[in-house]
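Hi there,

Here is the structure I promised to pass on.

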Amino acid sequence: MPDSQLTAAHNPALLHHFAEPQQQRDAASLGTWVFLGTEIMFFGGLFCTYLVYRRGYFGDWGAASKTLDVTLGATNTAVLICSSLTVVLAVWAAQTGRRRLLIGNLLATLVLGTAFLGIKGIEYKEKFEKHHVPGASFQFNNVRIPGHPDQYANPSHAEIFFALYFVMTGLHALHMIVGIGIFIWLTVMAWKGRFTPEYNTPVEMGGLYWHFVDIIWIYLFPLLYLIDRHP
Amino acid sequence: MSMATASIPTVERENYLNKHYGVGSWLFTTDHKRIALLYLLSITFFFFIGGFFALLIRLELLTPAGDLVQADSYNKLFTMHGMVMVFFFLIPSIPAVLGNFLVPLMIGAKDLAFPKINLLSWYLYIIGGVMMLHCMLTGGVDTGWTFYVPFSTAFSNTKVVEAGLAIFVAGFSSILTGLNFVVTIHRLRAPGMSWSRLPLFIWAHYATSIIQLLGTPVIAITLVLVAAERALHLGIFDPKLGGDPLLFQHLFWFYSHPAVYIMILPSMGIISEIIACFSRKRIFGYSFVAFSSIAIAVFGFLVWAHHMFVAGISVYAALVFSLLSYLVAVPSAVKVFNWTATMYKGSIYYDAPMLYAFGFLGLFTVGGLTGLFLAALGIDVHVTDTYFVIAHFHYIMVGGAVMGYLGGMHFWWPKISGRLYPEGWAKLAALIVFIGFNLTFFPQFILGYIGMPRRYYQYPPEFQVLNVLSTAGATILGVGYLLPMVYFLWSMRYGKPAPDNPWNAAGLEWKTASPPPTFNFDEEPVVTWEAYNYDELNRFPVKEETPVAR
């Protein structure tokens with residue numbers, strides 16, 4: 001078949017129910033954004049819960065927040081921001097047809113994402129050692145409320161803080177794990193040379209998801225780690 | 001059009017039903033029409049499970065004494081009736097069956113935007129459904145469908161976590177259906193199918209999808225919190241640890257009130273199609289009906305705390321939520337008035353779909369107006385947690401949503417199956433459903449108003465007459481629901497073959513074959529006319545030779 005007859009209809013990545021590649025890309029893009037909208041509502045329920053108790057148990061939550069390791073949290077924030085950069089570079093590399101740069105940046109993203117989970121694991125381990133995991137063995141006695149040296153934090157209220165800490169960061173970590181799965185798949189596809197300047201929608205959509213998970217962390221970090229830090 | 005193409009071909013054309021055969025061709029299909037039929041089978045199964053629980057509830061309430069079941073079993077019966085009917089029948093019913101089948105056909109698309117995600121959505125529904133069945137068969141759950149804490153987290157000794165996870169999984173099926181519809185309606189409309197030419201069925205499904213997308217994730221995370229709290233004793237909703245049970249109610253109703261509109265909006269879309277067709281008129285005030293769907297979806301998110309007037313929320317919050325609840329009545333009333341105005345001076349045909357539409361109008365109006373009683377703070381305090389509430393929401397969810405669903409099933413059955421159903425039986429069934437429904441639920445308004453509380457398995461003897469009426473009505477209603485299933489199945493084999501457009505109706509779905517080919521249209525349609533152009537259709541009535549359903 002002469003090249004001139006290779007029209008959009010013969011594009012192997014074009015699914016039968018779309019008229020042209022542009023329509024397919026638009027559908028994928030809108031679908032991803034709508035999906036991220038549902039994710040915002042999903043985390044929104046938790047942020048709402050956070051807001052209610054932060055207002056109700058202001059001092060207790062300040063005391064609980066102060067026990068988190070801000071250095072590890074800040075390191076993880078930096079790791080995620082770097083991963084967002086490598087994702088942007090990967091998308092750019094896919095759009096401009098630089099296959100090796102694409103694979104390199106996808107792998108870098110995977111390394112950074114795994115590093116984040118590793119650091120998170122260290123933090124979780126610390127919580128177990130300090131008995132800060134909600135449940136029967138939870139202990140939070142004799143912790144003073146910041147700014148009120150004569151008052152002790154209510155352990156029950158601090159327990160709710162740690163419950164939300166684990167649910168929110170746990171759900172975030174779950175999204176990171178899903179993201180790592182997506183990026184492994186993208187790396188394999190990129191290795192096989194499936195992405196071209198004409199067709200790179202999966203890289204772009206995977207990137208949108210990764211950025212979204214990063215942004216969730218950008219909110220979690222100050223809300224959980226920084227609410228009661230004073231110089 | 002020549003006579004030859006207008007008559008029924010003797011050899012069946014290739015269509016989505018006969019193109020492939022075998023179990024695999026159904027279980028791995030990505031054709032939206034086949035997935036719609038998979039959903040039809042599954043939701044019908046769950047409808048009869050939920051109906052079976054309802055039957056046991058009504059039998060227990062036949063006498064004042066607790067004789068058929070004891071309190072614990074009764075709690076499980078009404079809980080599982082509610083969970084199955086809400087999450088496994090009503091929420092998916094119209095969108096996943098008729099919406100799945102019709103959205104691409106009505107806008108002139110070959111399929112939904114994400115066919116594989118559409119299939120995934122059905123599998124998620126099935127996984128959730130199997131979990132729910134397993135939960136029911138191994139002991140059940142007794143929290144009421146509302147999962148109220150701290151009973152569900154600290155005191156109930158039934159399978160709360162499993163039921164919650166079943167609904168969590170089924171919720172994602174609902175989200176994915178909504179996502180598919182939104183993207184499809186935005187991106188896959190045929191040339192010329194502008195937003196102002198969309199059928200109102202599509203507008204209704206668009207509004208429904210918005211609620212599914214924004215509401216369902218919130219109940220998903222709420223159920224995760226309930227399950228985690230129950231399993232790990234976190235304290236988030238436990239008042240002993242300083243947790244707030246009211247917060248649970250806020251999160252729960254943030255989804256579960258709009259969920260009522262997930263059930264009723266698609267039904268309203270069906271009613272708009274049926275009333276225009278059987279009045280042979282363009283719908284009165286098209287844009288008002290279209291935007292009232294969007295308005296209901298938006299307002300629906302702002303009224304949730306009217307379920308909590310006696311739960312201890314502040315008086316000022318209650319006032320605001322009461323006022324906002326009244327506002328939802330405005331777009332709902334706009335629809336009812338516009339449907340009535342459409343019928344005014346129309347040429348009305350009393351076919352079975354139209355009978356269901358009439359039933360919908362009456363029952364939805366009663367359900368909607370009693371909703372206003374309940375939105376009024378003073379009356380709500382009096383009738384909270386009584387049978388008045390039960391009667392009200394059954395008028396909306398069964399009288400409204402299920403009437404519309406059945407009307408739609410009759411209207412589009414010739415398109416779905418390629419066969420005509422027996423019109424006489426269908427009219428009889430519509431009548432039986434209407435009578436049975438009112439006999440079941442109208443006495444419950446009175447029962448509630450004179451003080452019978454919901455969720456009790458015993459009651460004082462003076463309530464018995466009304467309860468016997470209600471149980472008798474439920475039996476009649478059950479017959480009314482079984483009848484269509486019998487004659488629909490019958491018609492698949494013995495029904496007369498349906499022409500492409502048996503009702504001489506407007507809409508793209510009637511311009512393709514019955515049943516449609518796999519990719520819906522032989523040629524991509526180009527739309528050059530407004531929606532509901534019945535003025536033009538009436539000038540070219542169906543030829544005598546063509547067998548018409550009516």
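Leaving aside its neighbours within four places in sequence, which residues is B:Val84 in contact with? They are B:Phe46, B:Ile49, B:Gly50, B:Phe53, B:Phe89 and B:Met132, where contact means that the C-beta atoms of two residues, placed from the backbone, lie within 7 Å.

Some housekeeping: this is a predicted model, in which local features need pLDDT of at least 70 and side-chain atom pairs count only at pLDDT 80 or more, while totals for chains, interfaces and linings use all residues. Residues are numbered from 1 along each chain as its sequence is written, and chains are lettered from A and ligands numbered from 1 in the order in which they are written.

**The core.** B:Val84 and A:Leu164 have the most contacts inside the largest nonpolar core, a set of 234 residues. Such a core consists of buried Ala, Val, Leu, Ile, Met, Phe, Trp, Tyr and Cys residues joined through C-beta atoms within 7 Å. Buried means 20 or more other C-beta atoms within 10 Å of a residue's own, exposed 12 or fewer, and partly exposed in between. Helix 4 (residues 71–107) of chain B gives the most to this core, 23 residues. Helices are DSSP runs (H or I, at least four residues), numbered from the N terminus.

**Between the chains.** On the chain A side, 29 residues are in contact with 31 residues of chain B. Helix 1 (21–56) and helix 5 (155–191) of chain A are the elements giving two or more residues to that side, and helix 1 of chain A has the largest share, with 16. By type, the chain A side divides into 14 nonpolar, 13 polar and two charged residues. Here Ala, Val, Leu, Ile, Met, Phe, Trp, Tyr, Cys and Pro count as nonpolar, Asp, Glu, Lys and Arg as charged, and the others, Gly among them, as polar.

**A helix pair.** In chain A, the axes of helix 3 (residues 70–95) and helix 6 (residues 201–225) come within 10 Å and cross at roughly 165°; axes are lines fitted to C-alpha atoms over the stretch in contact, with angles from 0 to 180 degrees between N-to-C directions. That makes helix 3 of chain A roughly antiparallel to helix 6 of chain A (an angle over 145 degrees). The residues of their contact divide into eleven nonpolar, six polar and two charged.

**One last residue.** B:Leu537 lies in helix 17 (residues 534–539) of chain B. B:Leu537 is partly exposed because 19 other C-beta atoms lie within 10 Å.

Enjoy!

Key: Angles under 35 degrees count as roughly parallel, over 145 as roughly antiparallel, 65 to 115 as roughly perpendicular and the rest as oblique.
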